[in-house]
Amino acid sequence: MALQSSFLRISNCFFTKMEGGGGCKQTFALVFLLVAMATTLVQGQGTRVGFYSRTCPRAESIIRSTVQSHFQSNPTIAPCLLRMHFHDCFVHGCDASILIDGPNTEKIAPPNLLLRGYEVIDDTKTQLEAVCPGVVSCADILALAARDSVVLTSGRSWQVPTGRKDGRVSLASDTSNLSGFRESIDSQKQKFAALGLNTQDLVALVGGHTIGTSACQVFRYRLYNFTANGPDPTIDSTFVSQLKSLCPENGDASRSVDLDTGSGNRFDTSFFTNLRNGRGILESDQKLWTDATTRPIVQQFLGVGGLRAQNFNVEFGRSMVKMSNTGVKIGTEGEIRRVCSKIN
């Protein structure tokens, strides 16, 4: 807070000087020093953009090309990698603990059982080890792969700070930090706040559901006997019929349905339009519209409701950087795994 207040005070003085005021010339250098310090703080706990520029210059291009290659063979891999990074960061921070194999690891916990895409990370790691052995962490691979997945689905790119180490702990019992598909907004906000993420970050990051699917078994309860009178009343009545045809009460529970109806393969704001129209697939997603604290943010992303519009793609990238800098392992706190699924 002291740094922030000093920065604001000196910055205001500097702009006064530019307008002809006096007494600030001696603080010119200090302003830039504080700007540099603020930039470092934004980057995160030891991470920075271009961390591998000298030690492994081709790291980001290798990751990008490998993700692209797998995406071309199977486009559904993009939302899987994005979700994997999200699930990793909410447990022990962004340390690739979700990648570790074992009988009681995060990978086999119920919230993670439907995750896919581990082979993409393994393939990428193999290629990086051939070029820069023992240099690039699995945690950084996952963070960069998530960004590249968004770009491949027509989303906007952002700079990803790197320099994370890989964690050595992975316990299925720790995955309670992950938000559930029935969870209230208040509960979600508490979990996000524990990682230094605010309500806007919550809405922006959940907006990642603009790509990907959900199995019928996850949301079918909303369609049948949700209340004494039938389906979840927050679902548009015509959409209920559509979903019932896709997910019959005793039908295939594993059938996949787009989380963003009509635009499930494109990273855009259609997801929020669907929430406004009562067409959210997950109960927790639809609550972003029905809750008074999150609805205005959805409206801002849509540019409706008389509120100042915000660019969803830009805000998503900012929130991803904030999230990816949570619980970062540096120095002896972590390691650079040789194989992402095994601790060294």
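Q: What does contact mean here?
A: Contact means that heavy atoms lie within 4.5 Å.

Q: And which residues does Val 298 touch?
A: With residues up to four places away in sequence not counted, Val 298 touches Val 203, Phe 272, Leu 288 and Trp 289.

Q: What kind of model is this?
A: This is a predicted model, in which local features need pLDDT of at least 70 and side-chain atom pairs count only at pLDDT 80 or more, while totals for chains, interfaces and linings use all residues. Residues are numbered from 1 along each chain as its sequence is written, and side-chain values use heavy atoms, with hydrogens and water left out.

Q: Back to Val 298: where is its place?
A: Val 298 sits in helix H13, residues 295–302. Helices here are DSSP runs of H or I with at least four residues, strands are runs of E with at least two, and both are numbered from the N terminus.

Q: Is Val 298 buried or exposed?
A: Val 298 is buried, because its relative accessibility is 0%. Buried means under 20% relative accessible area, exposed means over 50%, and partly exposed lies in between, with a 1.4 Å probe and protein chains only.

Q: How many Å separate the C-alpha atoms of Val 298 and Leu 275?
A: They are separated by 8.6 Å, with the two residues 23 residues apart along the chain.

Q: Which residues of the largest nonpolar core touch the most other members?
A: They are Leu 99, Ile 121, Phe 272 and Phe 316, out of 64 residues in that core. Helix H6, residues 138–152, gives the most to this core, with nine residues. A nonpolar core is a set of buried Ala, Val, Leu, Ile, Met, Phe, Trp, Tyr and Cys residues joined through side-chain atoms within 4.5 Å.

Q: What is Phe 316 in contact with?
A: Leaving aside neighbours within four places in sequence, Phe 316 is in contact with Leu 82, Val 150, Trp 158, Ala 204, Leu 205, Gly 208 and Phe 267.

Q: New topic: how many disulfides are there?
A: The count comes to four disulfides, where a disulfide is a pair of cysteine sulfur atoms within 2.5 Å.

Q: What about Cys 138 and Cys 340?
A: Their sulfur atoms are 2.1 Å apart, and they form a disulfide. The torsion about the S-S bond is about -95°, so this disulfide is left-handed. The pair links distant parts of the chain, 202 residues apart, with Cys 138 in helix H6 and Cys 340 in the segment after helix H14 (312–324).

Q: And Cys 89 with Cys 94?
A: A disulfide joins these two, with an S to S distance of 2.0 Å. Their link is right-handed, with 120° about the S-S bond, and both Cys 89 and Cys 94 are buried.

Q: Which residue does UniProt list for "binding site"?
A: The UniProt record, an unreviewed entry, lists His 209. UniProt positions follow the numbering used here, feature names are shortened, and annotations may be inferred rather than shown by experiment.

Q: Where is His 209, and what is it in contact with?
A: His 209 is in the loop between helix H8 (199–206) and strand S1 (213–215). Apart from neighbours within four places in sequence, His 209 is in contact with Arg 83, Leu 259, Asp 260, Phe 271, Leu 282 and Asp 285. His 209 counts as buried because its relative accessibility is 17%.
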